[in-house]
Amino acid sequence: MPPPEPGGDSTVAITFSPSGRRGRVAPGTTVLDAARALGVDLDSVCGGRGLCGRCQIGLGEQPGVGADPSHLGAVTSTERAYRGRRPLLEGRRLGCAAIVEGDVVIAVPPESQAHRQVVRKAAGDRPVDVDPVVVLRYVEIPPATMEDRRGDLQRLRDALAHSWGVAEATVDLAALAELGPAIAQHGGGVTVALRREDGAARIVAVWPGLKDAVYGAAFDIGSTTVAGHLCHLGSGEVLASAGRMNPQIAYGEDLMSRVSYVMMNADGRERLTAAVRGALADLVQDLSRDAGIDPDDILEVCLVGNPIMHHLVLGLDPTPLGSAPFALATTEAITVPAAELRLGTHAGARVYLPPLIAGHVGADATAMVLADAPDQRDELTLLVDVGTNAELVLGNADRLLAASSPTGPAFEGAQISSGQRAARGAIERVRIDPITLEPRLRVIGSELWSDDPGFAASIQTTGITGICGSGIIEVLAELFLAGVITADGRLQPRDGDAGHPRLVRDERTWRYRLVEGDPGRGQMAVDITQNDVRAIQLAKAALYAGARLLMDRLGVDAVDRVHLAGAFGNHIDPLRALVLGLVPDCEPAHVTSVGNAAGHGSLMSLLSVAARRRGEQLASSIEKVETAIEPRFQEHFVAAMGFPHTTATYRHLAEHVALPAPTTGPPAARTSGRRTRSRR
C-alpha cells in the first residue's frame with residue numbers, strides 16, 4: 001500500500017485508538033495496511049492472509065466520527081471463512097480483511113497489539129582479541145607552499161608513509177572532502193581513519209586535531225528480534241546493548257510467510273528491506289544515545305542473520321530460498337558502504353556481513369560456530385540455535401556439519417492458545433506438584449515465584465498476560481512427569497483425578513488450567529490445551545529430527561555436549577528440554593546455554609580481522625545436510641513426536657528424573673553410549 005495521502009476528496013480519515021495515530025488513506029485500503037503505513041501496533045502472525053486472527057479490531061468513536069459499521073465495508077469472505085484458533089469475537093473484524101470505506105476510528109484491543117518484547121540477547125562474557133579493521137592515525141601534514149605543488153592528499157600520503165609506514169592509501173570521496181578543512185582548522189594536524197582492506201589501506205574519515213576513539217556496532221538480525229552492541233573499536237569495550245522487535249513480523253511471523261509476502265506483492269521486497277533497515281537505523285540511534293556518543297563516530301558495522309534476513313537487509317531477492325535448490329545470491333562475505341543501507345552512521349562506515357554456509361544456514365550460524373568454537377574441541381558438541389527456524393551444528397575438531405530445521409514459531413509463543421512472546425507478564429517458569437497438580441509460576445517482570453509474598457504486587461502493572469516459549473516447555477515437561485501428559489502426547493486426567501479443578505473438559509479433549517481467570521480484574525485464564533501439546537510436539541520433533549540427521553551423517557549415536565544458543569536457548573531449562581526430547585540424550589550437566597552466540601560471533605567479527613578470516617574459513621569447511629530432501633528426516637520426525645522420544649531410552653535423563661512408563665510400545669534398544677566417529 002502507498003503511504004497515506006494528504007487530505008482531499010479521494011481519501012478518507014482513519015484514527016487508531018488507543019495510540020492516537022491518524023492519517024488519510026485511499027478507500028479500499030485494509031485496516032492492517034493502514035496500520036502498517038501509520039506505524040500502528042497491530043499484530044499479524046500470518047502476514048495478512050486471514051489465518052491467525054491476531055489482527056482483530058473494533059470500531060471506536062470520537063467527536064465528529066461515529067461508529068458507523070458501513071465505513072469498514074461489508075464483512076468479507078475471508079472473515080466469513082475464518083476458523084482460526086482465536087475466535088472472531090462479536091463486534092470484531094479482521095484487520096487484514098476489513099476495508100476502509102469512510103472516515104473511521106479503529107479500536108485496537110490489547111490482545112491485538114504486538115507487545116514490545118523484552119529482548120534478552122546480550123554480548124557474551126568471552127574475551128575477544130581486538131584487531132579492528134579500522135584504526136586511527138594522527139599525522140602532521142606540512143603546509144602547502146608555492147614550491148610544493150602537490151595536493152593535500154599527496155602530502156597526507158607522505159605523512160602516513162613517514163610516520164606510520166603506510167603504503168599508498170586510497171581515499172573515499174567524503175574523506176577527501178573533509179581533508180582540506182581539517183588541515184586548515186588545526187594547522188596541519190589531522191587524525192585519519194584507515195580501513196585495512198586485503199593488505200591495503202583506505203582513508204575513510206578525517207578529523208582536525210587528535211581523535212582517539214571511533215566505534216563500531218554489531219547486530220544479530222533474527223526473524224523475531226534484532227539485537228545490537230556498540231563497541232569501542234580500539235579497546236573492544238561494549239558500551240551499550242539494545243534490541244527491538246523485527247518489524248518484519250507485521251508481514252509474517254515465520255520466514256516462509258515473508259518470502260510469500262514478497263512473492264505476492266510487487267513491492268514486498270522493498271517494504272521488508274525498508275522495515276529491517278529502519279530497525280537497524282533506530283538501534284544505531286538508541287545505542288549511540290545510551291553510550292553518549294555521536295552516531296557519526298560509528299565507522300564499522302557487522303551484521304549476521306539467517307539467509308532470508310541477509311538477503312532482505314541487502315535488498316536481494318529472497319524468493320529462490322522458498323523452494324529447492326534454495327539458491328543463495330552469494331555465499332561469500334560481503335562488505336558494503338553503510339550509507340547504502342541508510343544506517344545513520346559516518347559517511348565512510350562500512351558494513352561487513354560474514355559468509356553464509358548454504359541454503360537456510362546463514363551468517364548467524366557462521367557467527368555461532370565462531371563464538372562457540374566446537375572446531376577447537378575433541379568433544380562432540382551439538383550446537384543449537386532454537387528459533388522459528390532452528391540452526392544446528394554438530395561436530396568437533398575433526399569435522400563439522402550443519403542443518404536447519406523448520407521448527408515454526410511455537411517455541412516463541414505463537415500457535416499456543418495463551419502463547420505470547422517474551423514480554424512483561426508472560427509466564428516463563430513453571431513447577432507443578434506431581435501429587436496435587438498445583439502450579440508455581442514465575443512471570444517476566446518479577447523475580448518472585450507465585451507462592452512468594454509480594455508476588456501479586458510485583459505484577460500489578462501487567463498481570464499475567466500469557467505464557468512464552470520457555471514457560472510452555474516447562475509446563476509440558478512438568479505435566480508429563482506428573483503423568484497428566486502421556487508419552488504419545490495425550491493430555492488427560494490420571495486415575496482418580498476425575499473432577500480435579502485444574503483439569504477442564506474441552507469437548508473430546510482436556511485442558512490444564514494453569515491460571516484461573518478473573519474477568520473483574522481483566523485476567524484471562526491461561527490454559528494448556530491438547531492443541532498446544534501437539535504444536536510443541538511438532539516443533540520439537542522437527543528440532544530432534546534435524547539433530548538426528550546430523551548424527552546419522554557423522555556416524556554417531558550419542559553426543560558429549562549440547563549447547564543451546566539464542567534468546568530462547570538462553571532461558572530454557574536443560575533438564576526439562578531433555579524431558580520433552582527436544583535434543584538427543586546427554587548428561588544434563590552437559591546441556592548448557594551459551595547465550596547469544598550469534599551476537600557474540602558478530603561482535604568478534606566486528607572487532608577482529610583474524611576472527612573474520614577464521615569465520616570465512618569455517619563457513620567454507622562446514623558440510624550442509626539438507627533436511628528438506630533427506631528421506632530419513634520424516635522417519636526421525638515421526639519417531640520424535642513422543643515424549644521424550646519413541647526410539648530412545650534416554651539413559652542419562654533417567655538418572656535424574658523418574659520418567660513415566662511408555663504408552664506407545666517398548667522403546668527401541670539403544671546402542672552403546674560410545675560412538676563410532678567417521679572422518680573425512
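These legends describe close-up views of one predicted model. Residues are numbered from 1 along each chain as its sequence is written, and side-chain values use heavy atoms, leaving out hydrogens and water. Because the model is predicted, local features need pLDDT of at least 70 and side-chain atom pairs count only at pLDDT 80 or more, while totals for chains, interfaces and linings use all residues.

**View 1. Helix H1 is mostly covered.**
Helices (H or I, at least four residues) and strands (E, at least two) are DSSP runs, numbered from the N terminus. H1 spans residues 31–38, and six of its eight residues are buried. Buried means under 20% relative accessible area, exposed over 50%, and partly exposed in between (1.4 Å probe, protein chains only). The buried ones are Val31, Leu32, Ala34, Ala35, Arg36 and Leu38. Contact here means heavy atoms within 4.5 Å. Gly39 follows H1. The phi of Gly39 is positive, near 70°.

**View 2. Strand S3 pairs with S4 and with S5.**
Two strands pair if DSSP finds at least two bridges between them. S3 and S4 are antiparallel and share two bridges. In this pair, Ile57 has Arg93 as its bridge partner. S3 and S5 also run antiparallel, joined by three bridges. There, Leu59 stands opposite Ile106. S3 is largely enclosed by the rest of the structure, because four of its five residues are buried.

**View 3. Arg93 sits in strand S4.**
S4 covers residues 93–94. Is Arg93 buried or exposed? Arg93 is buried, with a relative accessible area of 12%. Its side chain has a polar atom 3.2 Å from the backbone oxygen of Gly73. The backbone oxygen of Ala74 also lies 3.2 Å from a polar atom of the Arg93 side chain. A polar contact is a pair of N or O atoms within 3.5 Å; within protein, one must be able to donate a hydrogen and the other to accept it, and residues adjacent in sequence count only if both atoms are side-chain atoms. Leaving out residues up to four places away in sequence, Arg93 touches residues including Cys55, Gln56, Ile57, Leu72, Glu79 and Ala98.

**View 4. Four strands form an open sheet.**
The strand order is S6-S8-S9-S7, and the pairing is mixed. Strands S6 (134–140) and S7 (170–171) stand at the edges. Each has a single partner strand, so one side of each is left without a neighbour in the sheet. S7 runs parallel to S9 (residues 200–208), and two bridges join them. Val171 stands opposite Ile203 in S9. Helix H4 (residues 173–185) lies across S7, S8 (189–197) and S9. H4 runs at about 45° to S9. For such angles, axes are lines fitted to C-alpha atoms, for helices over the stretch in contact, and values run from 0 to 180 degrees between N-to-C directions.

**View 5. The largest nonpolar core has 84 residues.**
A nonpolar core is a set of buried Ala, Val, Leu, Ile, Met, Phe, Trp, Tyr and Cys residues joined through side-chain atoms within 4.5 Å. Phe219, Leu303 and Val351 have the most contacts inside this core. Helix H9 (residues 363–372) gives the largest share, seven residues. A second, separate core has 76 residues, among them Val384, Ile472, Ala542 and Tyr544. In soluble globular proteins, nonpolar side chains tend to be buried together. Val351 touches Val301, Leu303, Ile334, Thr335, Val336, Ala338, Leu341 and Leu343, not counting residues up to four places away in sequence.

**View 6. Asp527 is buried in strand S24.**
S24 covers residues 526–529. Asp527 has a relative accessible area of 5%. A polar contact of 3.1 Å joins its side chain to that of Arg511. Beyond four places in sequence, Asp527 also touches residues including Ser417, Ser418, Tyr512 and Asp532.

A disulfide is a pair of cysteine sulfur atoms within 2.5 Å. How many does the structure hold? The structure holds zero disulfides.
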